[in-house]
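Here are my notes on this one, as numbered points. Have the coordinates open while you read, and start with the charged pairs.

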Amino acid sequence: MLIIIASTRSPKINGAKRAVERLAPFIDQEYSSILFESVEAVSGVSDMPISLEETIAGAKNRAMNAFRKHENETVISLGVEGGLFETEGKVFLQSWSCAFDGTVIHLGSSGAIELPKQLSDDVMVNGVELSAAIDKFSQQADVRSKQ
């Protein structure tokens with residue numbers, strides 16, 4: 001089995017590998033027999049999706065754009081997209097994932113976490129990229145890639 005992870009960012013790659021490791025027994029696969037490949041894949045959505053629909057579309061697009069057949073192997077591509085959505089006057093961060101086998105799409109999501117007003121205002125009102133707003137808020141560099 002080949003798993004194509006539609007990202008070259010370490011947090012997404014590591015998260016996908018941990019998920020596959022936990023799921024392997026349920027799909028009758030030895031984790032050690034699974035091959036992984038990571039590729040850059042276009043999401044086709046904004047750099048910072050700001051609706052559930054856009055975030056889900058980004059995950060689906062990444063998975064479908066990364067997919068390719070590989071000899072006689074079963075191939076599954078995984079797309080992950082993080083985005084924001086607003087409800088009841090609050091802004092939430094949520095990740096969506098898509099598994100695609102060339103025919104069927106399967107979706108899943110993380111829980112959603114409310115953003116502090118300072119972060120949500122920076123992104124939703126001032127147009128600051130979320131990663132830059134988080135770095136400023138946390139007084140750290142490149143939190144997006146490190147955590």
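1. Let's begin in helix α3. The side chains of D121 and K117 form a salt bridge, with N and O 3.2 Å apart; the term here means a Lys or Arg side-chain nitrogen within 4 Å of a carboxyl oxygen of Asp or Glu. The two residues sit 4 apart in helix α3, so about one helical turn separates them. K117 is exposed, at 60% relative accessible area, while D121 is partly exposed at 26%. For those labels, buried is under 20% relative accessible area, exposed is over 50%, and partly exposed is in between (1.4 Å probe, protein chains only).

2. Before going on, the ground rules. This is a predicted model, where local features need pLDDT of at least 70 and side-chain atom pairs count only at pLDDT 80 or more, whereas totals for chains, interfaces and linings use all residues. Residues are numbered from 1 along each chain as its sequence is written, and side-chain values use heavy atoms, with hydrogens and water left out. Helices (H or I, at least four residues) and strands (E, at least two) are DSSP runs numbered from the N terminus.

3. How many salt bridges does the rule give? The count comes to 5. One of them joins K136 and D122, with the closest N and O atoms 3.1 Å apart. K136 is in helix α4 and D122 in helix α3, so this pair ties together parts 14 residues apart in sequence. K136 is exposed at 52% relative accessible area, whereas D122 is buried at 9%.

4. That brings us to the α3/α4 packing. Helix α3 covers residues 117-125 and helix α4 residues 130-138; they pack at an angle of about 145°, their axes 9 Å apart. Axes are lines fitted to C-alpha atoms, for helices over the stretch in contact, and the angle runs from 0 to 180 degrees between N-to-C directions. On the α3 side the contact residues are Q118, L119, D122 and V123, and they meet L130, A133, I134, K136 and F137 of α4, with contact meaning heavy atoms within 4.5 Å. By class, this contact has 6 nonpolar, 1 polar and 2 charged residues. Nonpolar here covers Ala, Val, Leu, Ile, Met, Phe, Trp, Tyr, Cys and Pro; charged covers Asp, Glu, Lys and Arg; the others, Gly among them, are polar.

5. Now the nonpolar cores, each a set of buried Ala, Val, Leu, Ile, Met, Phe, Trp, Tyr and Cys residues joined through side-chain atoms within 4.5 Å. The largest has 13 residues, of which I4, A66 and V75 touch the most other members. At least two residues of this core come from each of β1 (2-5), α2 and β4 (90-100), and the largest share, 4 residues, is from α2. A separate second core has 9 residues, including I5, I13, A24 and I34. Leaving out residues up to four places away in sequence, I4 touches E37, V39, A66, F67, R68, V75, I76, S77 and L78.

6. S7, in the loop between β1 and α1 (10-23), is buried at 6% relative accessible area. Beyond residues up to four places away in sequence, S7 touches K12, I13, S38 and V39. G83 lies in strand β3 and is buried at 2%. Neighbours within four places aside, G83 is in contact with M48, P49, T55, F92, L93 and Q94.

7. Last, some backbone angles to check. Most residues other than glycine have a negative phi. E71 has a positive phi of about 45° although it is not a glycine; this residue is in the loop between α2 and β3 and is exposed at 72% relative accessibility. E88 likewise has a positive phi, about 50°, without being a glycine. E88 lies in the loop between β3 and β4 and counts as exposed at 77%.
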